[in-house]
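The sequence and the structure are shown here first.

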Amino acid sequence: MTTAAQEFLRKAAEKSADLAHRGIVRWNIDQYDAGVGRGKTRFADWEAARQRCHDIKWEAVNHLDRYLLQFEQKVKENGGHVFWAENGEEARHYICDVAARTGVKKVVKSKSMVSEEIHLAQAMEKMGIEVVETDLGEFIVQLRNEPPYHIVTPAMHLNRQQVSKLFKEKLGAEETQDPPELVAIARRWLRKSFFSAEMGISGANFIIADAGMVTITTNEGNGRLCTSVPRIQVALTGIEKVIPRLQDLATLWPTLATAGTGQPITCYNTLIGGPRRAGEVDGPEEFHVVLVDNGRSELLADLEQREVLHCIRCGACINACPVFRNIGGHAYGVTYPGPIGSVLTPHLRGLPEYQHLSYASSLCGACTDVCPVHIELHHHLLHNRRNAIHAGTHSSAERLGMKMFRWTMMSAGRFRFMGSLGRTALRVIHGMRLEGTALDPMRPWTKDRAAPAMPRESFRDLWRKQNGVR
Ligand code: SF4
C-alpha cells in the first residue's frame with residue numbers, strides 16, 4: 001500500500017470517529033442542500049440548463065486547441081500576456097519571475113484551486129513575498145496553516161466559535177459569536193492588504209475565447225479588489241476552463257451559482273479584459289494569464305475520460321458524497337477532495353500513488369446525479385479502478401483474492417461449498433470469542449464493529465426447504 005493510501009486510511013478512520021467534526025459538516029451540507037433545492041425551482045427547466053452547460057463544455061473541451069489559441073490572441077490584442085505552463089513548476093517560475101522583476105513584496109490572492117494544486121503561495125513565500133488569502137474561508141484556513149477543506153467552502157469544517165477563537169488568537173480581535181461581526185473583523189484586516197499589495201492573483205471560473213476575458217465569481221467582492229487595485233494582475237487557470245463565447249455565461253453563471261451555493265447568481269461576477277487602458281481610472285498596469293496543463297492534456301487524450309475536463313468546480317458532487325460527509329475534506333490529502341478529486345487526482349498526480357482514491361466511493365452515483373455538467377463521475381471512478389488493475393498496480397494479495405473469487409463464482413457447486421466453509425469458519429471465530437482479537441482474520445472489519453451472527457443455513461438452503469425446489 002502506498003504512503004498516500006496509508007495516510008488516507010489513517011485520517012479517514014480518525015475523522016469518521018470524530019462526531020463533533022461530522023456534526024459541523026453535516027449541518028453545513030444541510031444548509032447547502034436546502035439552498036440548492038430552492039435554487040433549482042427558480043429555473044424554468046433545471047435539466048435543460050444542465051444539458052446546455054454540458055453542451056457548452058463539450059464543445060470547448062473537444063475543440064480546446066482552437067479556443068485556447070483564440071483566447072490567447074484576444075488577450076494579446078487587449079494588451080495582456082499569456083504564458084503556457086506545462087506543469088506546476090513552469091507556472092510557479094513564471095509568476096515568481098514576474099514578481100521579482102516588478103519588485104513585488106506583497107500579494108493578495110482570491111480563491112484559486114490551481115494555485116493550491118501547484119503550491120504557488122509556498123514558492124512565493126520562500127522568496128520573501130507575503131501572500132494574503134482574501135476569500136474569507138481561505139483567509140481562515142491560512143490563519144490555521146491548513147489547506148482548503150473544500151473547493152467552494154474552504155472552512156466548512158469550522159463553526160463560529162472556532163473562528164472567533166482563531167481571530168482572537170491570531171488577530172487580537174474581541175471574541176464574538178456574531179457572524180456579521182466576524183466578517184467585519186476579517187474585512188477590516190484584509191482591507192489594509194488590498195491597498196498595500198503590488199500583485200493580485202486570481203483563479204478563473206471561465207476564460208472566454210471570443211472576448212479574451214477571464215471571469216471570476218465571488219460572494220465577498222474580494223476577487224474584484226484583487227484584480228483592480230494592485231498594479232500587477234495574474235490570472236492562474238487550468239486549460240480546461242475555456243468556453244467559446246461571452247454569451248455562454250448567461251447559462252453557466254446561474255447554473256454554477258445554484259449548484260455551488262444554491263444562489264440564483266453569485267454576488268460579484270467580474271470580467272477582466274486586460275491591463276488598464278489610457279483614460280481608465282483603475283485596473284492593473286500588467287495583466288498576465290497563466291494557462292496550466294499539469295496533466296490535463298493527457299486526460300484530454302483519453303477519449304473515455306475526457307469529459308472529466310468539463311468540470312466547472314461547483315463542489316456539488318463533494319457535498320452529495322456519503323464518503324465525504326463522513327471523513328471530510330482533509331482526509332483525502334489532495335487538492336481536490338470528494339468524487340471529482342478521486343477521479344482527477346490519479347490523472348494529475350499519478351495512478352500508482354493515488355489509485356486508492358477510486359475506492360473512496362460506494363459507487364452510489366449521487367455525485368453523477370447532482371453534477372450540473374453531467375459528468376458520469378461514478379463510472380470514471382470505476383474506470384480508474386479498472387485502469388489500476390490493468391496497470392498491475394494492485395497488490396498480489398488482491399490479485400489472489402480476485403482469482404479465488406472468480407474461481408468460486410464460476411461454479412454453483414464451488415459457490416455452495418465456499419459459502420458453507422465461510423459460515424462454519426465465522427461460527428468458530430464467534431464461538432471461540434476471537435472477534436476483535438489479534439487472532440481474528442476479520443479484524444480489519446471487527447475492530448470497529450460487531451460481526452453479524454452467521455446463520456446455519458444459506459439463503460439457498462432455506463429457499464429449497466420452503467419451496468421444495470433446487
Ligand atoms: S464534477 Fe460536476 S458536480 Fe463535481 S465539482 Fe465538477 S461540475 Fe461540480
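His374 counts as partly exposed because its relative accessibility is 24%; buried means under 20% relative accessible area, exposed over 50%, and partly exposed in between, with a 1.4 Å probe and protein chains only. His374 is found in the loop between helix H18 (366-370) and helix H19 (377-390). Helices (H or I, at least four residues) and strands (E, at least two) are DSSP runs, numbered from the N terminus. The phi angle of His374 is near 60 degrees, a positive value in a residue other than glycine.

The model is predicted: local features need pLDDT of at least 70, side-chain atom pairs count only at pLDDT 80 or more, and totals for chains, interfaces and linings use all residues. Residues are numbered from 1 along each chain as its sequence is written, and side-chain values use heavy atoms, with hydrogens and water left out.

**Overall architecture**

The protein chain contains 23 helices and ten strands. Its C-alpha trace spans about 90 × 55 × 45 Å along the principal axes. Of the 470 residues in the protein chain, 50% are buried. The accessible surface of the chain, from the Shrake-Rupley method with a 1.4 Å probe, comes to about 22,800 Å², and carbon and sulfur atoms account for 55% of that surface. Where contact means heavy atoms within 4.5 Å, 73% of the contacts between residues at least 6 apart in sequence join residues at least 24 apart.

**Ligand site**

The ligand is surrounded by 13 residues, of which the closest are Cys311, Cys314, Gly315, Cys317 and Cys371; a residue is near a molecule if one of its heavy atoms lies within 4 Å of it. The shell divides into eleven nonpolar residues, one polar and one charged. In this division Ala, Val, Leu, Ile, Met, Phe, Trp, Tyr, Cys and Pro count as nonpolar, Asp, Glu, Lys and Arg as charged, and the others, Gly among them, as polar. The ligand sits in the largest cavity. A cavity is a set of points, on a 1 Å grid over the protein atoms alone, where a 1.4 Å probe fits but cannot get out, and a molecule sits in a cavity if more than half of its atoms lie within 2 Å of its grid points.

**Selected residues**

Asn145 also has phi near 60 degrees, a positive value in a residue other than glycine. The place of Asn145 is in the loop between helix H8 (136-143) and helix H9 (160-171), and this residue counts as exposed because its relative accessibility is 72%.

Helix H2 (residues 19-41) holds Gly23, and Trp27 also has its place in helix H2. With a relative accessible area of 38%, Gly23 is partly exposed, whereas Trp27, at 54%, is exposed.

Gly273 belongs to the loop between strand E9 (268-272) and strand E10 (286-292). At 18% relative accessibility, Gly273 is buried. Leaving aside residues up to four places away in sequence, Gly273 touches Asn78, Gly212 and Met213.

| Pair | Residues apart along the chain | C-alpha separation |
|---|---|---|
| Gly23 and Pro275 | 252 residues | 46 Å |
| Trp27 and His157 | 130 residues | 9.9 Å |
| Gly273 and Cys96 | 177 residues | 22 Å |

Notes
On a 1 Å grid over the protein atoms alone, a cavity is a set of points where a 1.4 Å probe fits but cannot get out, and a pocket is an open set with protein on both sides within 12 Å along at least five of seven lines; lining residues have an atom within 4 Å of a point.
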